[in-house]
Amino acid sequence: MSKNTLALCRQAPYGNALAREGLEAILAAAAMDQAPAVLFLGDGVFQLAGQKPEAIAEKNLRRNIQALPMFDVETLHVCKSSLLQRGIMPEALQVPGADIELVEDCGSFIRKFDHVLSF
Amino acid sequence: MTLHIVSKSPYSSSALTDCASSCAEGDAIVLIEDAVYGAVETYPEITERAPVYCLQSDAEARGIVIGKNVEGIDETRWVTLCTEHNPIVSWFK
Amino acid sequence: MKFTLVIYGAPHASEGAATALRFARALLEAGHTLYRVFFYADGIHNGSALAAPPQDEQDLLGQWQQLQQAHQLDLVVCIAAAQRRGLLSESEATRLEKPAANLAEGFELAGLGQLAEATAASDRIVTFGG
């Protein structure tokens, strides 16, 4: 039976491995034709901002983000108040091939799903 | 209706405030592990929109007295709450 | 009801894995089914056979193994997360030319597909953070 799943991403990109491992889990599910919806909330919104991780010898997480639309995750949902709180302009978020959709009421958004995987 | 599970102290993490602002009418919140520090009488009300439960064993372990607006529950009741709500969201950072 | 638990916490490091054990026991006692336990991120360390906690501390590995035996649980450790952190089965250790294997009995290594499959097959997914 197909379930409606949301991946909730709340980690900033490089301080915690769960940011990367969350995206890997999303891509793995998508590769099995079970692409979840994705919501970036809290520090998770920093995953969508500009990065230059070569400075700390890390792989660029943006590559995983940019792979999402290729695996049928074409809409990236982003918590609007998390952006504003962090002084990020929504226009600054660009992911080729993906639509960025701001979510104002995350509570109503989350409850539409059968499962939420938190990362 | 969503069941929110929070496991970090409100003094060290945004888990509880992120949860509270993502809480819809009729949801419920369970405080476990270090989040039980948010279950005491002196902690400000978390949200008007959802009942708040606290895992009794974690509170007891930390010497926490649960405030009157929060209901203490055991693991069995926690499982029941999980069966009564969907989806289940964990806030652990 | 069919539950799947996802665990990110390393044992003896944060409370998450111990909480998950208490939750797992409670759901099994209530007559529910534990479809799978998926160990991910730092949670993979729960599958290390080499944990040797002092005798007066709880033995989380032993408790998982007991529960696994009693209920034929599917304890799955994510293979990619495990390789990064140095948790290997015999065959993985040989394949990767590493000097030792340390995956505990009762646990198995498998890919992230097992998480996606469990998500589709379960009524409830509960995540235990680190």
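Residues are numbered from 1 along each chain as its sequence is written, and chains are lettered from A in the order in which they are written. In this predicted model, local features need pLDDT of at least 70, side-chain atom pairs count only at pLDDT 80 or more, and totals for chains, interfaces and linings use all residues, while side-chain values use heavy atoms, leaving out hydrogens and water.

Colleague: Which residues does a cis peptide bond join?

Modeller: Most peptide bonds are trans. The cis bond here has an omega of about -5°, and Pro87(B) sits in the loop between α3 (75–84) and β5 (88–91) of chain B. Helices (H or I, at least four residues) and strands (E, at least two) are DSSP runs, numbered from the N terminus. The bond joins Asn86(B) and Pro87(B).

Colleague: Is Asp72(A) buried or exposed?

Modeller: Asp72(A) has a positive phi of about 75° without being a glycine, and its place is the loop between α2 (62–67) and β3 (75–79) of chain A. Buried means under 20% relative accessible area, exposed over 50%, and partly exposed in between (1.4 Å probe, protein chains only). Because its relative accessibility is 55%, Asp72(A) counts as exposed.

Colleague: Where is Glu97(C) found?

Modeller: Glu97(C) is not a glycine, yet its phi is positive, about 55°. Its relative accessibility is 72%, so Glu97(C) counts as exposed. Glu97(C) is in the loop between α4 (90–95) and β4 (107–110) of chain C.

Colleague: Which element gives the largest share of the lining of the largest pocket?

Modeller: A pocket is an open set of points on a 1 Å grid over the protein atoms alone, with protein on both sides within 12 Å along at least five of seven lines; lining residues have an atom within 4 Å of a point. The largest pocket is lined by 20 residues, and Lys3(A) is among those nearest its centre. Elements giving two or more of them are β1 (5–9) and α1 (17–31) of chain A and α5 (113–121) of chain C. The largest share, 4 residues, comes from α5(C).

Colleague: How much space lies in the largest cavity?

Modeller: A cavity is a set of grid points where a 1.4 Å probe fits but cannot get out, and a volume is the space filled by probe spheres set on the points. The search of the whole structure finds 1 cavity of 30 Å³ or more. The lining of the largest cavity includes Trp78(B) and Phe128(C), with its largest share, 3 residues, from β5(C). The space in the largest cavity is about 70 Å³.
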